[in-house]
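Please read them with the sequence and the coordinates open beside you.

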Amino acid sequence: CFHGRCPVGQERSRAMADAGGDADVGFSDVATVVLVVAVGWAIACGVVYVLYRFGRPKPRTAPPGEEFFFYRARTPCFFDTVLMAVSLLSCFIAYPWAYIEGTRVYIRDLMFAGNRYDFVGEPRDYCLNICLLNCALDSVTFGMWECCGCARRRRNAWLDQHIVSADGRMEDTYYLFSAGSGCLNNSIAWVVDTVSCGLAHAWTKMFLTAHEMQDTRMGEKRGVFSGEGGPFCAEVCVCNWALNVVTAGMWTCCGCAERRTRTWMDEHLSEAIGSAATGGAVVGGGKGMDEYSDVAPSNAVRYMATPGVPASYGSVA
């Protein structure tokens, strides 16, 4: 059957040609695609209208006596699902809007040292100055703009610049999304976790969290994280592991393990004021802060004050 000269080869060639002819895209296929996209857009617009008509999720109230609702702050799962559905139905054209809405709900849910905040970023500005520009730079640099972290840095700086206090004051400097534990500290933690086969994860997590909190600034407010690996392992990790065994993993699947972890971390946050007037005093209700009670004011500043943060980010965004 070489070169299709035998009857079997000729019959096979005709069958393949018929199949290729049937695969041509017709008007009905195009109409179907257009109809599906139109229906998706209609549903997405309806969801957006409902969200604006009935409002966004209201910020949760922290338990009495607590001044930090930082690690527990998050966008509700249902709201996240709705925003993702809007993005998918609109072929991700509405993604900037969904991302900004989720960020606004998260910021309003956050409480730091008793203060509440708001987010004033707009989807159009985010789309033009961040999404489109990052995509263009990614195309020019063959993806290196994203791989080197420049896109993430630019996006986080833009987000920080659009955080305001709940009363609308915009003169404060915020360093929330841009805060981090540092590349060197992340590398050290990764090496320790790898060498210990994950047994030291509780200690590396506390190490990274403390450094990240040192880099976080909410206006004039700064925090101190006093959690340690031993208590965290005993009170959170071991308990979560035992409850996962008893519930066949449902403890983690239902989000209870994460909620327990974030609550414990919030309980070990306290406010650090490094101004000369207060002598670097620590205020707030964080657990594990008794060890700082007999530290001299000058030593307290050196021991707990966070590194300096630039007064402004310039024209990053």
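**Notes on the predicted model**

1. Cysteine 127 has its place in helix 5, where helices (H or I, at least four residues) and strands (E, at least two) are DSSP runs numbered from the N terminus. At 25% relative accessibility, cysteine 127 counts as partly exposed; on this scale buried means under 20% relative accessible area, exposed over 50%, and partly exposed in between, with a 1.4 Å probe and protein chains only. Leaving aside its neighbours within four places in sequence, cysteine 127 is in contact with Pro96 and Leu132, contact meaning heavy atoms within 4.5 Å.

2. Residues are numbered from 1 along each chain as its sequence is written, and side-chain values use heavy atoms, with hydrogens and water left out.

3. For the protein as a whole, there are 13 helices and eight strands, and buried residues make up 35% of the 317 residues. Of the contacts with a separation of 6 or more, 65% are accounted for by residues 24 or more positions apart. The protein exposes about 18600 Å², of which carbon and sulfur atoms supply 64%; accessible areas come from the Shrake-Rupley method with a 1.4 Å probe, and for residues only the protein chains shown count as cover.

4. Three strands form an open sheet in the order 1-2-3, with antiparallel pairing, and its edge strands are strand 1 and strand 3, each of which pairs on one side only. Two strands are taken to pair if DSSP finds at least two bridges between them. Strand 1 (residues 111-112) is joined to strand 2 (residues 115-119) by two bridges, with methionine 111 opposite arginine 116 and phenylalanine 112 opposite asparagine 115. Three bridges join strand 2 to strand 3 (residues 163-165), and here phenylalanine 119 stands opposite isoleucine 163.

5. Which residue in the turn of the hairpin formed by strand 1 and strand 2 has a positive phi? The hairpin has two residues between its strands, and the residue in question is alanine 113, with a phi of about 55°. Alanine 113 is buried, with a relative accessible area of 7%.

6. Glutamine 161 belongs to helix 7 (residues 150-161) and is partly exposed, with a relative accessible area of 28%. The C-alpha atoms of glutamine 161 and glycine 121 are separated by 8.5 Å, the two residues being 40 residues apart along the chain.

7. Strand 6 (residues 222-225) is covered on both faces, for Arg222 and Val224 on one side and Gly223 and Phe225 on the other are all buried. Strand 6 and strand 7 (residues 269-272) pair in the antiparallel sense over four bridges, and the bridge partner of phenylalanine 225 in strand 7 is leucine 269.

8. How do helix 9 (residues 201-214) and helix 10 (residues 229-246) cross, and at roughly what angle? Their axes come within 8 Å and cross at roughly 115°, the axes being lines fitted to C-alpha atoms, for helices over the stretch in contact, with angles that run from 0 to 180 degrees between N-to-C directions. The contact is made by Ala202, Trp203, Lys205 and Met206 of helix 9 and by Gly229, Gly230, Phe232, Cys233 and Cys237 of helix 10. These residues divide into six nonpolar, two polar and one charged, where Ala, Val, Leu, Ile, Met, Phe, Trp, Tyr, Cys and Pro count as nonpolar, Asp, Glu, Lys and Arg as charged, and the others, Gly among them, as polar.

Conventions. This is a predicted model: local features need pLDDT of at least 70, side-chain atom pairs count only at pLDDT 80 or more; totals for chains, interfaces and linings use all residues.
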